[in-house]
Structures are given as C-alpha cells and as structure tokens.
Amino acid sequence: VYPRRVTTFEQVIEDLGRVEPRDAMPDDYRATLIRQIAQHAHSEIIGMQPEGAWITRAPSLRRKAILLAKVQDEAGHGLYLYAAAETLGVDRADLLDALHTGRQKYSSIFNYPSLTWADVGTIGWLVDGAAIVNQVPLCRCSYGPYARAMVRICKEESFHQRQGFESLHALSHGTPEQHAMAQDALDRWWWPALMMFGPPDSASPNSERSTAWGIKRFSNDTLRQRFVDMTVPQAAVLGLRIPDDDLAWNEERGSWDFGEVDFAELAEVVAGRGPCNAERIAHKVRADAEGAWVREAADAYAASGGAR
Ligand code: FAQ
C-alpha cells in the first residue's frame, strides 16, 4: 500500500492549485469566501433593477429583446453564485435573509437611479466593463466552484459590455439630443463605476489576507487603473467626454492619471445611505414575498415525489 499524498491547504495555495468544497480549509478562508460570493450574488440580483426598470420602455422591439436577455443573464449569474456559496455550507435562504435585513452588502453601483434610456447602454458599457476587469482575475481564484462560475459569467459580461457600447454608440452618434443624453449618463455613472473597485488599497481591510489566500489576484487600485486605461480610448470612439479634468496620459507610467475618487461617497452608499438603497431593498423584499407561493408549490411538488 502506497501512502496517500496529503496536500495541505497551505500547499494548495502555494502551488496556485484549487481548494474544493470537501477539502480542509481555515474557518476564516471559508467565511471570507461566503462574504464575497454572497455579496457578488446579491449584486447580480439587485443589479437587475436599474436596467429592468427600462424593459417596458425600450425604444424598439430589438432593444427590448436584448435587454430582456441581459437582465435574465444577471439572474442566472446570481443563481450560479448562490450555488457556489452553498458549497461552503451555507443556506441560500439565510443569505437572502441577510440581504433583506441589511446584514450583507451588494455592490454600491446599483444604488444609483437609471434616469434615461442612455443609462441602460452606459450600465452595459461601464458597469459590465468594470465587472469584467474585476472578475477575469477571479477565474483564477483559489476556490474551485467560484473560479469555475466566473468563467461563464465573464463570457456573458463581455457580451453585455459590447451591447452596452453599441447601444450608447447609436445614441452618441445620433441627434444632438441623443448625444446630450449619452453624455449626461456618462457624467452620472463615471465616478460610481470607479467606486465599484472598492476602497483604496491603503484602506482595504480584507485585501492582504484575500491576496495571501489567492482569492484576490490584483489590488483594488490596480484594477481601477486597468479599467480607466481600458475605458478612456472607448470614450473617444463614442465621442463622449469623461467628466474628469485631471484625466491625462502619463507617458512615464504608460497609463492614464485620473482625479480623486470620492471615497466618502462610497462609504455613505455602502452604509445604506445612497440615492436608491431603501428603494432597491424594498423592491427585492416585495418580490420575494410575492414569489413565496412559487417556492411553496415547488416544495410541495418535490415532497410528492413528482407524482401527479
Ligand atoms: N460596494 O476590504 P475591501 C455585477 C465592501 S458586478 C459595496 O476592499 P474586498 C455585474 C467590502 O465588501 C458587482 N461594498 O473588500 C452586473 C468590504 O466589506 P466588509 C459585484 C463594497 O472584498 C453588471 C468593505 O467594503 N462584483 O454585479 C464595495 O477585499 C451589470 C471593505 O472593502 C463583485 O462583487 C462596493 N463597491 O474587495 C450585474 C465582485 N467595495 O468587509 C448587473 C467580487 C468594497 O465590511 C448589471 N468582489 N466593499 O464585509 C470583489 O472582488 C471584492 O469583494 C471587492 C471588494 C473588490 C468588491
């Protein structure tokens, strides 16, 4: 009998391997993943609201069909991520309860209102764009189920980003009124999009440990810079102006310098005091209550063994 090779958690992390649900893992690693994956899942679900509000008002059948499919994709991402969180031993109903009662967070970005049709294209372009920059490295995260979920999610987010860009391009190259609407949307969403990457590295309490554990592969500020560098040329193609007077190409760094993000605003929104926090949660709690009969019917059907 050959002795079985025992691989410790530390070895897996050091070898850039994957930790799987039944492997031994430190309690704090498990808790950190539950926190991040649940926040991510909640973001996908709450994130359906700003765009969902425009499904009935899309300007054409084609745009409506695209938007319906996109919002439905976000629901799928949320369900995928709840399933990934469940592999860590938590219950989906408990996670939803934590969302509904404000004990767990979701991304700050979804607490801003979508005021015009141009916001829909801008969300696809900027919010999905930021999500991709943040999430592509998560495909290599140390926890297997989360990393694998990210692969498919990133493919869909890439498609979302392109459709947003295309939609906004139609507006920015349309009538002067449409162009102004596109510019107004960019003016309102630019800074909140930069806040999606989290607090600055100097004030990010979770970064050090999450990086050591291979959950985070790049820091908040590194990814924020990557997003700016990716997006500035795209704004030029759209013919729109990024609302930042300090934006300037830095030859030495080979990157764009940009102005100060208002992290006090981020803290306010994360603390529940953003423009739409109360509305978003109230809407979610209402939808959950109205859907209770569907879950009850599904449970009853499952309990009957699927018999008629
Ligand atoms: N909003 O120590 P750090 C999408 C919290 S994309 C709210 O730096 P960490 C797609 C943070 O949780 C959006 N809270 O934390 C879509 C922590 O909380 P704690 C979702 C924020 O975890 C597109 C505290 O502040 N994407 O949904 C935010 O190391 C279009 C201290 O921060 C993900 O969730 C924020 N912006 O880094 C859907 C990606 N920033 O400790 C629909 C996965 C920070 O008090 C339509 N998550 N916090 O519980 C991550 O990569 C990380 O969790 C970060 C934060 C980078 C967000």
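Helices here are DSSP runs of H or I with at least four residues, and strands are E runs of at least two, numbered from the N terminus. With that in place, α2 turns out to give the largest share of the shell around the ligand, six residues. The model is a predicted one, so to speak of local features takes a pLDDT of at least 70, side-chain atom pairs count only at pLDDT 80 or more, and totals for chains, interfaces and linings use all residues. Residues are numbered from 1 along each chain as its sequence is written, and side-chain values use heavy atoms, with hydrogens and water left out.

On to the ligand. There are 35 residues around the ligand, and Gln39, Lys105, Ser108, Ser204 and Lys216 come nearest; a residue counts as near if one of its heavy atoms lies within 4 Å of the molecule. Helices that each supply at least two residues of this shell are α2 (27-46), α4 (61-86), α6 (117-135), α7 (144-172) and α11 (263-273). By class the shell splits into 13 nonpolar, 13 polar and nine charged residues. For that count, Ala, Val, Leu, Ile, Met, Phe, Trp, Tyr, Cys and Pro are nonpolar, Asp, Glu, Lys and Arg are charged, and the others, Gly among them, are polar.

A polar side-chain atom of lysine 216 lies 2.6 Å from a ligand oxygen atom, while serine 108 puts a backbone N or O atom 2.8 Å from a ligand nitrogen atom. Glutamine 36 has a polar side-chain atom 3.5 Å from a nitrogen atom of the ligand. On its own the ligand exposes 1100 Å², and the protein buries 90% of that (accessible areas by the Shrake-Rupley method with a 1.4 Å probe).

Next come the pockets. On a 1 Å grid over the protein atoms alone, a pocket is an open set of points with protein on both sides within 12 Å along at least five of seven lines, a cavity is a set where a 1.4 Å probe fits but cannot get out, and lining residues have an atom within 4 Å of a point. The ligand sits in the largest pocket, meaning that more than half of its atoms lie within 2 Å of the grid points. This largest pocket holds about 1200 Å³ of space, a volume being the space filled by probe spheres set on points joined across faces, edges and corners. Its lining runs to 47 residues, with Gln39, Ser107, Met196, Phe197 and Gly198 closest to the centre. Two or more lining residues come from each of α2, α4, α6, α7, α10 (220-238) and α11, and α6 gives the most, seven. The lining of the largest pocket has 21 nonpolar, 15 polar and 11 charged residues.

The second largest pocket contains about 400 Å³ of space. It has 15 lining residues, and Ile45, Lys284, Ala287, Asp288 and Arg295 lie nearest its centre. Here α3 (48-52), α5 (92-100) and α12 (277-290) give two or more residues to the lining, with α12 giving the most, six. Its lining comprises five nonpolar, four polar and six charged residues.

Finally, the structure has one cavity of 30 Å³ or more. The largest cavity has a volume of about 50 Å³ and is lined by Arg63, Ile66, Leu67, Trp117, Val120, Gly121, Gln163 and Ser167. Two or more of these come from each of α4, α6 and α7.

Methods
A polar contact is a pair of N or O atoms within 3.5 Å; within protein, one must be able to donate a hydrogen and the other to accept it, and residues adjacent in sequence count only if both atoms are side-chain atoms.
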